[in-house]
Amino acid sequence: MNYQFQFEPYQRSFKTPLKTAHGIWETRSGIILSLTDEQGRIGWGEIAPLSWFGSETLEDAIAFCQQLSSVISIETIFTIPDSLPACQFGFESAFMELNANADVDLSQLQYSGLLPTGETALTVWEPLFQQGYQTLKWKIGVDTITEEINLFKQLIDKITKTLETRFLEETRFLSGTSKIRLRLDANGGLTFEQAQRWLETYDLINADHKLIEIEFLEQPLSISQLELMLELSDRYSTPLALDESVANFQQLNSCYQQGWSDIFVIKPAIFGSPKILKNFCDTHHIDTVFSSVFETNIGQQSALKLASELLLYHRAVGFGINHWFIA
């Protein structure tokens, strides 16, 4: 079967630039594409590259789209090279939307809200919590470790005092069945010694606090230091998660084969083929967290449908990011 193909680049500005260990990010750019079948039905997809995370560049993606004809085949969709993982996701997502047997129920998914770096997190966490987020993510490895650990302890104190005051009589908190879960993401920006300091802090918090749980430390070291991250995983009780290390299928498979058994953070929009990802997860039953790359609602819906099918441990998905954009 052949499909009519169209595409259009887009840009979205962040309300406040996003600061990570990779640098400052002010504008999200990508491509919206559509496939129209012979019955006139339209499937939408999104190409949202993140080149500093290992995907193709936006320029590569635009060049690929430009060299295609206005009518493309199924073979074209499923033979996009691995060097264009964001394109693989965008085209396959549009194809899957056209060929889905039924709508997927996303209502059971829980979401993780992304906090800003630095002191602003001390005031932003509560509005997000009031909106329903019980999992929050904070990026570290941006300022000095002493500053960040001090801020983190202030954040823990503020959350604890607020919860103790507000929910003292609520049995769901007193019983420990519901907590605020915190995820700390270093984007590969820590040294081994710094990661040890953070993990010592997290282990103490998890041992002492009933209302707060440090769910995991995400990508503490660079992708070249898997052996050291395996060592940290064995040494501390707080789980670790790989993110940059498993940005695409080849990396995911390599880390799995080398013995990684903690958490895998999957960013579907830059991972590559959804079909290949689904086959791997169905075969190996890995512990996954599905996460956003600040794509639009089109890419989010495609990624969330994958998450709803593949999540085994009911972890919150990392798609609480829309508050970062100008409407």
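Helix axes are lines fitted to C-alpha atoms over the stretch in contact, with angles running from 0 to 180 degrees between N-to-C directions, and the helices themselves are DSSP runs (H or I, at least four residues) numbered from the N terminus. This is a predicted model, in which local features need pLDDT of at least 70 and side-chain atom pairs count only at pLDDT 80 or more, while totals for chains, interfaces and linings use all residues. Residues are numbered from 1 along each chain as its sequence is written, and side-chain values use heavy atoms, with hydrogens and water left out.

The axes of H11 (residues 274-284) and H12 (residues 297-310) come within 11 Å and cross at roughly 15°, which makes H11 roughly parallel to H12 (angles under 35 degrees count as such). The crossing of H11 and H12 is right-handed, meaning that the near helix is turned clockwise from the far one by less than a right angle. In this contact (heavy atoms within 4.5 Å), Pro 274, Leu 277, Lys 278, Cys 281 and Asp 282 of H11 meet Leu 306, Glu 309 and Leu 310 of H12; the residues involved divide into 5 nonpolar, no polar and 3 charged.

## Aromatic pairs

The whole structure holds 19 aromatic pairs, counted where ring centres of Phe, Tyr and Trp (its six-membered ring) lie within 6.5 Å. One of them, Phe 152 with Trp 198, is edge-to-face (planes over 60 degrees apart), at 5.7 Å centre to centre and 75° between the planes. Because Phe 152 lies in H5 (residues 145-166) and Trp 198 in H7 (residues 192-208), the pair ties together parts 46 residues apart in sequence. Both Phe 152 and Trp 198 are buried (under 20% relative accessible area, 1.4 Å probe, protein chains only).

Ring pairs also link Phe 14, Trp 25, Trp 52, Phe 53, Phe 294 and Phe 325 into a cluster.

Key. Helices (H or I, at least four residues) and strands (E, at least two) are DSSP runs, numbered from the N terminus. Angles under 35 degrees count as roughly parallel, over 145 as roughly antiparallel, 65 to 115 as roughly perpendicular and the rest as oblique. Ala, Val, Leu, Ile, Met, Phe, Trp, Tyr, Cys and Pro count as nonpolar, Asp, Glu, Lys and Arg as charged, and the others, Gly among them, as polar. Rings of Phe, Tyr and Trp (its six-membered ring) pair if their centres lie within 6.5 Å; planes under 30 degrees apart count as stacked, over 60 as edge-to-face and the rest as tilted. Buried means under 20% relative accessible area, exposed over 50%, partly exposed in between (1.4 Å probe, protein chains only).
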